[in-house]
Amino acid sequence: MSYTALYRKYRPQSFEDVKGQNHIVTTLRNQIRAERIGHAYLFCGTRGTGKTTIAKIFAKAVNCENPDEGSPCGQCPSCRSISQGSSLNVIEIDAASNNGVDNIREIRDEVTYPPTAGRYKVYIIDEVHMLSIGAFNALLKTLEEPPSYVIFILATTEAHKIPVTILSRCQRYDFHRISADVITQRLQELVEKEQAQAEEKAVRYIAKCADGAMRDALSLLDQCMAFYMGQKLTYDHVLDVLGAVDTERFSALLRAVIGANVLAAMHQVEELVTEGRDLGQFVNDFTWYLRNLLLLQSSDDMEEVLDISSENLALLKEECQMTDSTQLMRYIRIFSELSSQIRYASQKRILIEIAVIKLCRPAMEEDLGSVLERIRQLEKKAEEGIMFQPASAAAAAKGVPADTSASDVPKLPVPKAVSEDIQQVVTNWNSILADMSDLIRNYLRKAHLSIGGNDVLLIVFDDSLLYDMISEEERLQEITEKISGSIGKEVQIQVKLNDTGHSFEKAYVDLEQIIHTEIEYEDF
């Protein structure tokens, strides 16, 4: 026998089985008990919240031979035929593929014939917002004055696309997103019925990922259980299957950002990519983590609102002392903007790295929140005794006389002759960059080319951040390999930071001027 997915196998068959929509279930049952049944209903709500399920239960209830407090008995011939999908009294129509005027005219012709068995003919039109304007107009008259034995149930996820003339003829019911607690309880019941085992933390995370949709939660549970067939489903298993990130990783990233440690933050992003985590999911989850931290910082009574474990709560409380609400709101703003950008981006990693660098370096932005963050960092450094010195004082601290003029700045000697290999690298630098990965290429566009002793090619940066990024062994190896592949020879390179306190032109030999090669950096 073929396998049946959990969301189909455990689809509610009576109103008692429906979870999280009590306001709708109670109203419909009262209507059935009092025989105050309407002729047209509009079910609105996000996917997986039970619109079609309740529509079928309602269709069974109005045709049931032995209803129990407004709920179908499930045993009579009418209930069984509707459950099996063989009843002629319940007609399901997918408006996405039957959205023309002719399709609606067929319905208008069919409603003239009363049901052969049962009391009502129920038309369930799913995704009704997909109907064309002509189809809506063809439905208007029938929807307003249908025969007494016809009920229309229109289901949609986008009620704003339905004409007002249709809305005014229907009783509208808005389906709520189902809470994580309700979904968790339901999933635990089904795990027991399936004679499987799962950690409560794992089930709760699945419920959170479902975003209020019971069907999505069942599909995710089905996927996780299938991957770890015969094993106890753990929290780590769920993270692996869904490509999600553990909360401890969020804490490590946030602490690196608070400390303005770009290198540590980049290592966290690198590990996410290496482990194959879903970067879009990571952005959403990290934004949620920041939101929890902001709520906890805003009030002492937020512990009951936050649905997190005691271990994670302890981490959040510790991080509350490390940052303030203005700083957190800036972080949330940057990652909220990133969430909308990353959905269709082809280079998700680069966007995330840029966002993380923005978090660490508020100087890259000019909005009020970033300026306040820069002031906060300066105040912190002042408290720690790190005072800024003018260039003359800094030079004096290094043993250079304070009155040293720019012309007296020590400068690398101009070589009598630049080797042919170095000349080829400088001449072909533009094409070498084009062959680099996007990340390294963008960094190297800000570099200067110079020459050191023993015919070493110097790649000089004015920015310490770019210097730290390129100095990593993996990136140096890629640069060396690309240069070797371009000129056919291996050239020794060295990355340096221009920390002389003077411009590159005053402190280093500019190979571009020596070789008289004009290099234009283009946007790749």
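Is Glu-127 buried, partly exposed or exposed? I looked this up first: at 23% relative accessibility, Glu-127 counts as partly exposed. I noted the cut-offs: buried is under 20% relative accessible area, exposed is over 50%, and partly exposed lies in between, with a 1.4 Å probe and protein chains only.

**Basis of the entries.** I am working with a predicted model, in which local features need pLDDT of at least 70, side-chain atom pairs count only at pLDDT 80 or more, and totals for chains, interfaces and linings use all residues. Residues are numbered from 1 along each chain as its sequence is written, and side-chain values use heavy atoms, with hydrogens and water left out.

**The chain as a whole.** I found 26 helices and 8 strands in the chain; helices (H or I, at least four residues) and strands (E, at least two) are DSSP runs, numbered from the N terminus. Of the 524 residues in the chain, 43% are buried. The accessible surface comes to about 27400 Å², and carbon and sulfur atoms hold 48% of it; the area comes from the Shrake-Rupley method with a 1.4 Å probe. I also looked up contacts, meaning heavy atoms within 4.5 Å. Among contacts in the chain with a separation of 6 or more, 73% join residues 24 or more positions apart.

Most residues other than glycine have a negative phi. Glu-35 counts as exposed, at 60% relative accessibility.

**Helix α9.** In α9 (residues 200-209) I found Ala-202, Val-203, Tyr-205, Ile-206 and Ala-207 buried. Their cover includes α8 (180-193), α10 (214-227), α11 (235-242) and α14. After α9 comes Asp-211, with a positive phi near 55°.

**Helices α14 and α16.** I recorded an angle of about 160° between α14 (residues 279-298) and α16 (residues 325-342), with the axes 9 Å apart. The axes are lines fitted to C-alpha atoms, for helices over the stretch in contact, and angles run from 0 to 180 degrees between N-to-C directions. The angle makes α14 roughly antiparallel to α16, a term for angles over 145 degrees. Their crossing is left-handed, that is, the near helix is turned anticlockwise from the far one by less than a right angle. Residues in the contact include Phe-282, Phe-286 and Leu-290 of α14 and Leu-328, Ile-332 and Phe-335 of α16. By class, the contact has 14 nonpolar, 7 polar and 1 charged residues. Here Ala, Val, Leu, Ile, Met, Phe, Trp, Tyr, Cys and Pro count as nonpolar, Asp, Glu, Lys and Arg as charged, and the others, Gly among them, as polar.

**Helices α12 and α13.** I found that the axes of α12 (residues 247-258) and α13 (residues 262-274) come within 8 Å and cross at roughly 155°. That makes α12 roughly antiparallel to α13, and the crossing of α12 and α13 is left-handed. Arg-249, Ala-252, Leu-253 and Ala-256 of α12 meet Ala-264, Ala-265, Gln-268, Glu-271 and Leu-272 of α13. This contact divides into 6 nonpolar, 1 polar and 2 charged residues.

**Glu-271.** Glu-271 is partly exposed, with a relative accessible area of 36%. The C-alpha atoms of Glu-271 and Arg-249 are 9.6 Å apart, and the two residues are separated by 22 residues along the chain.

Methods
Parallel < 35°, antiparallel > 145°, perpendicular 65-115°, else oblique.
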